[in-house]
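Could you set me some exercises on helix packing, cavities and backbone geometry for the structure below? Please work each one through step by step.

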Amino acid sequence: MISKKDLQRLLSDLESDRVERTISTDKMDKFGEAICSFSNDLPDYQKPGYLIIGADDKTGKVVPVKITDSLLKNIASIRTEGNIQPQPSMTVEKVELDDGPVIVVEVQPAHFPPVKYKGKICVRVGPRRGTANEDDERKLYEKRASHVQTFDAMPCLDSTIEDLDVRLFKQIYLPKAYPEDVLENDKRDVRLQLQSLGFYDMKYDCPTFAGILMFGNNVERRLPGAYVQYVRFGGDGRGADISNDYKFSGNLMSVLNQLDTFVSTTIAKKRPVPVSALREENIVDYPSWAIRELLMNAVCHRDYEGNGPIQFYQYDDRIEILNPGGLYGKANPRNFPWVNDYRNGVIAEAMKVIGFVNRFSRGVQRVQEELKANGNEDADFNLELETAFLVRVKISKNSFAPKGDAKGDAKGEAKGEAKGEAKDNKTSLSKSALLVYSEIVSNPHVTRSVLASTLHISETKAYRATIELKDNNFIRRIGGRKLGYWEILKILSND
């Protein structure tokens with residue numbers, strides 16, 4: 001951090017473009033833009049910039065302001081709240097000077113400019129702050145190119161602009177990335193627009209790998225492993241029969257939405273579980289947000305240079321998500337999950353823009369909270385695989401244990417006609433139908449072929465049993481053969 005002597009010198013130097021002084025304490029947008037401009041370091045001083053709160057901008061003199069712990073935390077949170085991308089390197093400190101205390105925010109120059117605040121590239125123009133023009137952007141991208149690039153920021157040399165779905169970029173992504181007033185005045189060629197967001201390299205006149213991943217017309221042609229493989233095993237291990245499988249492929253603008261829908265409609269689908277002869281309760285095996293977050297992390301942090309896909313495997317008792325690439329950069333088994341780093345900085349920023357990443361600082365913590373609330377154990381992270389990252393989530397305890405004694409509850413709740421009806425319903429079904437019904441209640445995603453194998457009956461008999469159950473309004477089929485499931489319409493008594 002800066003010494004008091006150097007701080008006093010900066011306060012008195014009213015022409016410096018490495019310092020901004022203010023007596024405001026509540027203008028977070030103003031602070032964010034200042035931090036962004038210092039990160040970009042347009043003059044290339046390669047020295048930190050300083051935002052000083054509690055000093056007059058015109059005279060440099062200290063003006064008493066109320067400095068609280070809450071104010072310091074709010075300013076420090078500007079780094080992680082997601083409005084500044086990529087995240088700046090900065091420190092926040094209260095400094096006691098002879099004339100009173102000030103808040104000093106020290107901002108280091110970014111290694112991968114341009115840095116944006118709410119979609120705008122802020123820079124220092126002399127002692128004033130402004131928005132970057134085309135020449136400024138070019139200079140900032142030249143600075144970026146001079147540093148070691150992450151894989152997703154590197155040019156995909158054998159590709160062209162025709163390899164991208166430009167319509168998807170202009171109509172869907174751009175309105176989310178930039179404010180409306182900025183877009184109205186943006187008359188640049190689409191290549192420059194793509195470059196400003198890290199998706200195109202003007203030096204080589206080709207998309208970056210991030211551009212291919214986000215908007216590519218044929219992603220696997222360039223990156224063979226860039227897909228998510230879902231498999232539903234009909235047991236507790238990979239030796240079990242496969243009851244369902246699906247390949248989520250294409251550009252991330254499409255795949256992320258597919259995964260989001262799949263988790264909410266299939267993985268986290270509510271289903272009834274009997275708690276007595278006459279009552280049922282809707283439960284979910286896995287909370288939607290937690291599984292979605294783990295999948296989004298896998299997409300964001302995986303190593304795209306390899307040929308292996310993300311493995312999204314569901315067993316009877318758990319879900320496993322395995323993605324290529326272990327912990328990256330500053331993150332290691334000793335500091336996970338409190339320290340984070342980004343293997344794919346451009347992809348991380350893009351996922352924030354389209355709403356699939358909210359904050360970067362407490363995703364794992366919230367996953368554990370969501371799992372606990374749903375009756376699941378904490379997610380188990382295996383950090384020792386070196387070239388891969390594995391997380392396991394066990395099925396909710398609520399999925400196995402009814403809360404009441406069905407037989408006892410039936411006697412207490414309805415000794416007469418209602419109980420008799422349950423028996424009539426049960427005895428009206430064939431033995432095969434009753435066996436199939438029991439399996440479907442245990443696993444609504446089970447297929448007819450797996451039913452036949454599990455119950456040691458022919459597929460024809462399993463088919464007839466499901467038809468019998470449907471005709472008697474006990475079950476119905478939702479969705480197709482691969483991704484569909486059985487919905488329970490009536491509950492049978494266990495008597």
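This is a predicted model: local features need pLDDT of at least 70, side-chain atom pairs count only at pLDDT 80 or more; totals for chains, interfaces and linings use all residues.

**Exercise 1. Work out how helix α10 and helix α11 are oriented to each other, and which residues bring them together.**

Step 1: Start with the elements, namely α10, which covers residues 252–267, and α11, which covers residues 288–301.
Step 2: Take the geometry: the two helices pack at an angle of about 155°, and their axes are 9 Å apart.
Step 3: Angles over 145 degrees count as roughly antiparallel, and α10 and α11 are therefore roughly antiparallel to each other.
Step 4: Now list the contact. From α10 come L252, L256, L259, D260, V263, S264 and I267, while α11 supplies S288, I291, R292, L295, M296 and V299.
Step 5: Sort these residues by class, and the contact of α10 with α11 gives 9 nonpolar, 2 polar and 2 charged.

**Exercise 2. Describe the cavities of the structure and the lining of the largest one.**

Step 1: Count the cavities of 30 Å³ or more; there are 3.
Step 2: Pick out the largest cavity, whose volume is about 80 Å³.
Step 3: Read off the lining, which consists of L213, V219, A226, Y227, V228, G250, L252, V255, V299, R302, Y304 and I310.
Step 4: Classify the lining of the largest cavity: 10 residues are nonpolar, 1 is polar and 1 is charged.
Step 5: Link back to the previous exercise. L252 and V299 are among the lining residues, and L252 of α10 and V299 of α11 also take part in the helix contact.

**Exercise 3. Find the orientation of helix α5 against helix α12, and the make-up of their contact.**

Step 1: Locate the helices: α5 spans residues 166–177 and α12 spans residues 345–353.
Step 2: Their axes come within 9 Å and cross at roughly 90°.
Step 3: The range 65 to 115 degrees counts as roughly perpendicular, so α5 is roughly perpendicular to α12.
Step 4: On the α5 side the contact uses Y173, K176 and A177, and on the α12 side E349, A350 and V353.
Step 5: By class, the contact of α5 with α12 has 4 nonpolar, no polar and 2 charged residues.

**Exercise 4. Where are the cis peptide bonds from Q85 to P86 and from F336 to P337, and where does K118 show a positive phi?**

Step 1: Recall the background: most residues other than glycine have a negative phi, and most peptide bonds are trans.
Step 2: The bond from Q85 to P86 is cis, with omega near -10°. P86 sits in the loop between β3 (84–85) and β4 (90–97).
Step 3: F336 and P337 are also joined by a cis peptide bond, with omega about 5°. P337 belongs to the loop between β16 (318–324) and α12.
Step 4: K118 is not a glycine, yet its phi is positive, at about 50°. K118 lies in the loop between β6 (116–117) and β7 (120–125).

Methods
Residues are numbered from 1 along each chain as its sequence is written. Side-chain values use heavy atoms; hydrogens and water are left out. Axes are lines fitted to C-alpha atoms, for helices over the stretch in contact, and angles run from 0 to 180 degrees between N-to-C directions. Helices (H or I, at least four residues) and strands (E, at least two) are DSSP runs, numbered from the N terminus. Angles under 35 degrees count as roughly parallel, over 145 as roughly antiparallel, 65 to 115 as roughly perpendicular and the rest as oblique. Contact means heavy atoms within 4.5 Å. Ala, Val, Leu, Ile, Met, Phe, Trp, Tyr, Cys and Pro count as nonpolar, Asp, Glu, Lys and Arg as charged, and the others, Gly among them, as polar. On a 1 Å grid over the protein atoms alone, a cavity is a set of points where a 1.4 Å probe fits but cannot get out, and a pocket is an open set with protein on both sides within 12 Å along at least five of seven lines; lining residues have an atom within 4 Å of a point. Grid points are joined across faces, edges and corners, and a volume is the space filled by probe spheres set on the points.
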